[in-house]
Amino acid sequence: MAAHKRIKAIQTELAQWENQELANMLYQLLAQQHFAGKLSAQQVTSLCKTFHLTANQLALQLLPIAACYSTTPISQFNVGAIAHGLSGAFYFGANQEFCHVAMQQTIHAEQSAISHAWMNNESSISAITVNYTPCGHCRQFMNELNSAEHLFIHLPHSQDNRLHQYLPDSFGPKDLEIRECLFDPHNNHLQIDATDPLAQQALLAANRSHAPYSHAYCGVAILLDDETMVAGRYAENAAFNPSLPALQVALNVVRLSGYQDQDIVKVAMVEAVAQMQQKTSAEQLLQAINPKIELQYYVARS
């Protein structure tokens, strides 16, 4: 969804709220931060105190706003999610679709919110609030988290449920004797010769990426037309298919930060040598978004 359409969707949704004082305050907060889809711990606390809401109640009310960040040219079905950071901050998430590439390039709303929190350097998340019951793909993705054992899932019709109520007899990192989970600190000790700031941001992302099964560490950095740089890290999963590529993580942050794909000027990728790689699929996705964008690709060494 283009930025102006997203703002219009938010305005339309807020106009329907019964509590217009809350709607106006929320709009002002989002407008002040370029419509970035997140609320700091201080903002969450302030809203809850002012309007006598619990954090869970506020998150549930925010779901339609999070869904405004969806980009769904294929399904026309918008899903919103809120990741509750351990800091107390809220991170919006929404399903993101891409035309003219494989369906597997899609980002689910729960993945969107969780990776949004991860890229904002949260150490963990305590809960995920979503407007539809998580699909099996997302349940498996959440099982990779360092908080999976204690993670709450809140739905409009049912709150305070543990992840493993939705994923009994689960398969995850422990079954493969992996101790480092998603959100745990990582340093993959990669190096490149390039000193370009965008390449260095991609390197930092690659060094913080989570790939304990393939060791195919990968990071992406995107330069926007206002000189802002946005990064994305590879988030691998024990079940492989729910893994989230680094470019998708970065594009998700772009869209959730109040920007649009058309604002992208350059993209750099740093990738370790491994038995799998993300370069080809990343090039295909960039070609679909804007054929003028060339992927600046760097092979990292340990």
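**Close-up views of a predicted model**

**View 1. Cysteine 135 lies in the loop between β4 (125–130) and α6 (136–142).** Helices (H or I, at least four residues) and strands (E, at least two) are DSSP runs numbered from the N terminus. This is a predicted model, in which local features need pLDDT of at least 70 and side-chain atom pairs count only at pLDDT 80 or more, while totals for chains, interfaces and linings use all residues. Residues are numbered from 1 along each chain as its sequence is written, and side-chain values use heavy atoms, with hydrogens and water left out. With a relative accessible area of 32%, cysteine 135 is partly exposed (buried is under 20%, exposed over 50%, partly exposed in between; 1.4 Å probe, protein chains only). Leaving aside neighbours within four places in sequence, cysteine 135 is in contact with His108 and Glu110 (contact means heavy atoms within 4.5 Å).

View 2. Histidine 108 is placed in the loop between β3 and α5 (109–119) and is partly exposed, at a relative accessible area of 24%. Not counting residues up to four places away in sequence, histidine 108 touches Ala94, Asn95, Cys135, His137 and Cys138.

**View 3. Tyrosine 69 and phenylalanine 92 form an edge-to-face aromatic pair, 5.9 Å centre to centre with 75° between the planes.** Rings of Phe, Tyr and Trp (its six-membered ring) pair if their centres lie within 6.5 Å; planes under 30 degrees apart count as stacked, over 60 as edge-to-face and the rest as tilted. Tyrosine 69 lies in the loop between α4 (55–67) and β2 (80–85) and phenylalanine 92 in strand β3 (residues 90–94), so the pair ties together parts 23 residues apart in sequence. Both tyrosine 69 and phenylalanine 92 are buried.

**View 4. The charged end of arginine 233 sits over the ring of tryptophan 118, 4.9 Å from its centre.** A charge sits over a ring if NZ of Lys or CZ of Arg is within 6 Å of the ring centre and within 35 degrees of the ring normal. The charged end of lysine 279 likewise sits over the ring of tyrosine 297, 4.8 Å from its centre.
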